[in-house]
Amino acid sequence: MGFLDRFFGGSRSAENVKDKQFEKNDFSVILEIAELISSNNKAVSDRLKFCVERPEEYFSECSERYTERGIDVNNREKNTLYWIGMVDELAEQGFLFSVDWKCELEDFLWAMEQIKTYPLISDEISSITFDENCDILEWGRRVNEAVGKARLCWVDIDSDSYELIIVTTEALEKIASLAPKTGYSVKAF
């Protein structure tokens, strides 16, 4: 949740630092991260291969999506365009679901159920006692305390929303090491 990180000393740096991390223009790491999140889903892979191999065509084709997010494809850092492209393709195929940072418990639980990888954690969810007066950070921590080989995570998009994903702990390890190369992060609650 990069928006609040700026105020609380989080991992967000100036935009030019992000560009330096991508100096060699190897955006294939985006594809690798998405394949880990989606368990090599063909639709996700195909769309992000298109994004990586023909970026100007991809960004033009998806310009309406970017505009809806307030992103001008002609005036934005490339790493942001690739990262948001990945987020949108994962959401389109059901591997990511967005919730507001101040969502209600009911919305949080419903959002998790919408993610295709929900079965990784679904058995344990019924045994968790959630406090409606807590927030998404606490609910997410409760989920991760209760589950075994999977993690509920959020994909940073420098926004006040949480882009939820559910991945295996093994996939999360790899994703966590790859994501900083993009200037963004994926974090377990």
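Is Thr168 buried, partly exposed or exposed? Thr168 is partly exposed, because its relative accessible area is 32%, which falls between the 20% under which a residue counts as buried and the 50% over which a residue counts as exposed. This report returns to that residue after an outline of the chain, and everything in the report refers to a predicted model.

## The chain as a whole

The chain contains eleven helices and four strands, and of its 189 residues 46% are buried. Its accessible surface amounts to about 9800 Å², and carbon and sulfur atoms account for 46% of that area.

When contacts are considered between residues at least 6 apart in sequence, 63% of them join residues at least 24 apart.

Ile33 illustrates how separate parts of the sequence meet: when residues up to four places away in sequence are not counted, Ile33 touches Trp83, Met86, Ile175, Leu178, Ala179 and Thr182.

## H7 and its two helix partners

H7 packs with H3 at an angle of about 20°, the two axes being 10 Å apart. Since angles under 35 degrees count as roughly parallel, H3 is roughly parallel to H7, and the crossing of these two helices is right-handed. On the H3 side the residues that meet H7 are Ile30, Ile33, Ala34, Ile37 and Ser38, while Tyr82, Trp83, Met86 and Leu90 are their counterparts in H7.

H4 also packs with H7, here at an angle of about 160° and with the axes 10 Å apart. Because an angle over 145 degrees counts as roughly antiparallel, H4 is roughly antiparallel to H7, and this crossing, too, is right-handed. The contact brings Val44, Arg47, Leu48, Cys51 and Val52 of H4 together with Tyr82, Gly85, Met86, Glu89 and Leu90 of H7.

## H8 and H10

Another helix pair is formed by helix H8 (residues 105–114) and helix H10 (residues 136–146), whose axes come within 11 Å and cross at roughly 45°. The two helices are therefore oblique to each other, and H8 passes H10 in a right-handed crossing. From H8, the residues making the contact are Leu105, Phe108 and Met112, and from H10 they are Ile136, Trp139, Gly140 and Val143.

Thr168, the residue of the opening question, lies in strand E3. Although Gly148 is 20 residues away from Thr168 along the chain, the C-alpha atoms of the two are separated by 9.0 Å. With neighbours within four places in sequence left aside, Thr168 is in contact with Leu120, Lys149 and Ala150.

Gln93 is placed in the loop between H7 and strand E1 (97–100), and with a relative accessible area of 24% this residue is partly exposed. Gln93 and Ala43 are 50 residues apart in sequence, yet their C-alpha atoms are 7.4 Å apart in space. Once neighbours within four places in sequence are set aside, the contacts of Gln93 are with Asn41, Ala43, Val44 and Lys116.

## Two loop residues with positive phi

Most residues other than glycine have a negative phi. Asn40 is not a glycine, but has a positive phi of about 60°. Asn40 lies in the loop between H3 and H4, and with a relative accessible area of 53% this residue is exposed, because exposed means over 50%.

Asp158 likewise is not a glycine and has a positive phi, in this case about 55°. Its place is in the loop between E2 and E3.

Methods: Residues are numbered from 1 along each chain as its sequence is written. This is a predicted model: local features need pLDDT of at least 70, side-chain atom pairs count only at pLDDT 80 or more; totals for chains, interfaces and linings use all residues. Side-chain values use heavy atoms; hydrogens and water are left out. Contact means heavy atoms within 4.5 Å. Buried means under 20% relative accessible area, exposed over 50%, partly exposed in between (1.4 Å probe, protein chains only). Accessible areas come from the Shrake-Rupley method with a 1.4 Å probe; for residues, only the protein chains shown count as cover. Axes are lines fitted to C-alpha atoms, for helices over the stretch in contact, and angles run from 0 to 180 degrees between N-to-C directions. Angles under 35 degrees count as roughly parallel, over 145 as roughly antiparallel, 65 to 115 as roughly perpendicular and the rest as oblique. A crossing is left-handed if the near helix is turned anticlockwise from the far one by less than a right angle, and right-handed if clockwise.
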